[in-house]
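Hi,

Here is the structure I said I would pass on.

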Amino acid sequence: MLILEFFALLLSARGVSIPPSQEVLDSKASHGSKYFDIQAHRGGRGNTVENTLPSFAWALIDGSTTLELDNGITKDGVVVVWHDEEIVPQKCQDTGPLYHGDPDYPYVGKFVANLTLAQLQTLDCGSLRQNDYPLQLTYPRTRISTLEELFDFVKCADPDHQILWNIESKSDPSLFNRTKSVSEFVERQHEVFESSGYKDSITYQSFDWRTLVEMKFPVFSAKQAYHPTDSSLPSPWLAGINLSSFPGPSSGEKAAQAAHALGVDLFSPSAESFQSPSPDPNIDGYEPFASREMVREAKRLGMGVKVWTVNRLNIVEQVMGWGIDGIVTDYPNVVRRWARQHGLPVAPKYPKQRVLKCLEKHMAFQ
């Protein structure tokens with residue numbers, strides 16, 4: 001299972017030492033919210049084109065507890081809201097070069113780390129509906145936003161700063177020319193977090209555990225990838241941690257134990273095995289990744305548990321039966337409705353007209 005599985009762990013940690021150049025931030029961990037944590041994955045990509053100002057607007061309107069998003073770093077060192085290491089043609093279209101004869105053009109297909117912010121913001125990343133999300137609202141001519149722009153928009157819609165954040169860095173330790181370095185991710189993101197007005201509400205996550213070691217942010221979220229040939233060897237993604245060194249006995253319990261070894265207090269596995277031939281527990285062949293044993297071990301070790309990315313209510317009901325603390329989903333409106341039906345406390349919806357007015361204002365800045 002450890003050899004073939006590709007899964008993610010969301011971890012949060014407190015009280016870790018921090019480089020002299022950084023100040024420890026006091027944090028309100030999202031799992032300590034008075035509401036059941038419904039996280040809008042990439043802003044709720046089932047409903048709206050992902051990781052855009054419109055997607056986060058609808059996540060607020062739909063009553064999400066937490067906005068989940070991804071960060072890249074541009075060639076000129078700007079933190080942008082984008083999931084992929086490169087600009088993929090399924091999500092963005094070129095509109096023309098930044099200037100005549102730009103040798104980097106076309107920009108679609110290039111790595112974010114090899115393009116400047118000005119080049120990225122010529123792209124239209126709001127016109128293309130994803131085939132896997134047929135109900136996704138499109139917003140033609142929407143640009144990739146900087147993290148600072150996203151914070152500014154949300155502050156307009158959320159003047160009391162009630163929303164929580166789960167922010168992932170997209171650094172890649174396996175191919176060093178695809179993304180910026182760990183130190184640059186940490187420095188650039190920390191600077192924006194510190195000035196955001198939301199620093200007490202941010203959970204920081206990454207597949208690349210090296211960024212967590214460097215960031216020393218009070219709330220960490222770490223994602224983990226398998227070693228492709230030998231599970232007895234440490235993966236380059238895990239900052240030297242070797243899962244096979246933990247007692248288990250199951251792979252899920254090993255994962256929880258590895259998370260605990262980092263000194264964390266939040267653990268978030270994938271609900272579904274990436275190898276599952278079936279997408280639903282009620283359909284023959286379904287293979288979960290998260291398990292009752294995994295959740296029990298995480299809880300025994302004192303960690304909260306949140307599961308991702310859950311887009312079927314049969315999976316919601318399965319994992320809720322294990323006593324989890326939150327769900328990351330592409331459909332926060334649907335999961336929120338289910339949660340209310342089952343008597344769980346849910347975050348209030350943001351006033352639609354206020355959010356849309358703020359969206360119109362901030363889209364005009366792009």
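Among contacts in the chain between residues at least 6 apart in sequence, those joining residues at least 24 apart make up 67%. Please keep in mind that this is a predicted model. The chain has 366 residues, and 57% of them count as buried. In secondary structure I get 10 helices and 10 strands. The exposed surface comes to about 15100 Å², with carbon and sulfur atoms supplying 51% of that area.

A word on confidence before the details. The average pLDDT for the chain is 86, and 86% of the residues score at least 70. Two stretches need some care when you look at them. Over residues 1-31 the pLDDT stays under 50, and the model has 128 contacts beyond four places in sequence for that stretch. Residues 222-230 also stay under 50, with 41 contacts beyond four places in sequence.

Now the salt bridges. The count comes to 13. One of them pairs the side chains of E50 and K91, at 2.9 Å from N to O. This pair links distant parts of the chain: E50 sits in the loop between β2 and α1, while K91 sits in the loop between β4 and α2, 41 residues apart. Are E50 and K91 buried or exposed? Both residues are buried. They also belong to a network of salt bridges that links R42, E50, D84 and K91.

Another bridge joins R312 to D280, with the closest N and O atoms 3.1 Å apart. R312 counts as partly exposed at 35% relative accessibility, whereas D280 is buried at 4%.

R188 has 33% relative accessibility and counts as partly exposed. E184 has 19%, so it counts as buried, the cut-off for buried being under 20%.

The backbone has a few spots to look at as well. Which residues does the cis peptide bond with omega near 5 degrees connect? That bond runs from Y105 to P106, and P106 is in the loop between β4 (79-81) and α2 (117-120). A cis peptide bond also joins G248 and P249, with omega about 15 degrees. P249 is in the loop between β7 (220-222) and α6 (251-261).

Finally, there are positive phi values in residues other than glycine. N51 has a phi near 55 degrees and lies in the loop between β2 (37-41) and α1 (53-61). N51 is buried, at 2% relative accessible area. R141 has a positive phi of about 75 degrees, although it is not a glycine. You will find R141 in the loop between α2 and α3 (147-157). With 62% relative accessibility, R141 counts as exposed.

Cheers

Terms used:
Residues numbered from 1 in each chain as written. Predicted model: local features only at pLDDT ≥ 70, side-chain atom pairs only at ≥ 80, totals over all residues. Heavy atoms only, no water. Helix = DSSP H or I, 4+ residues; strand = E, 2+ residues; numbered from the N terminus. Buried < 20%, exposed > 50% of the residue type's maximum accessible area, 1.4 Å probe, protein only. Contact = heavy atoms within 4.5 Å. Areas by Shrake-Rupley, 256 points an atom, 1.4 Å probe, with all protein chains shown as cover. pLDDT = per-residue confidence, 0-100. Salt bridge = Lys/Arg side-chain N within 4 Å of Asp/Glu carboxyl O.
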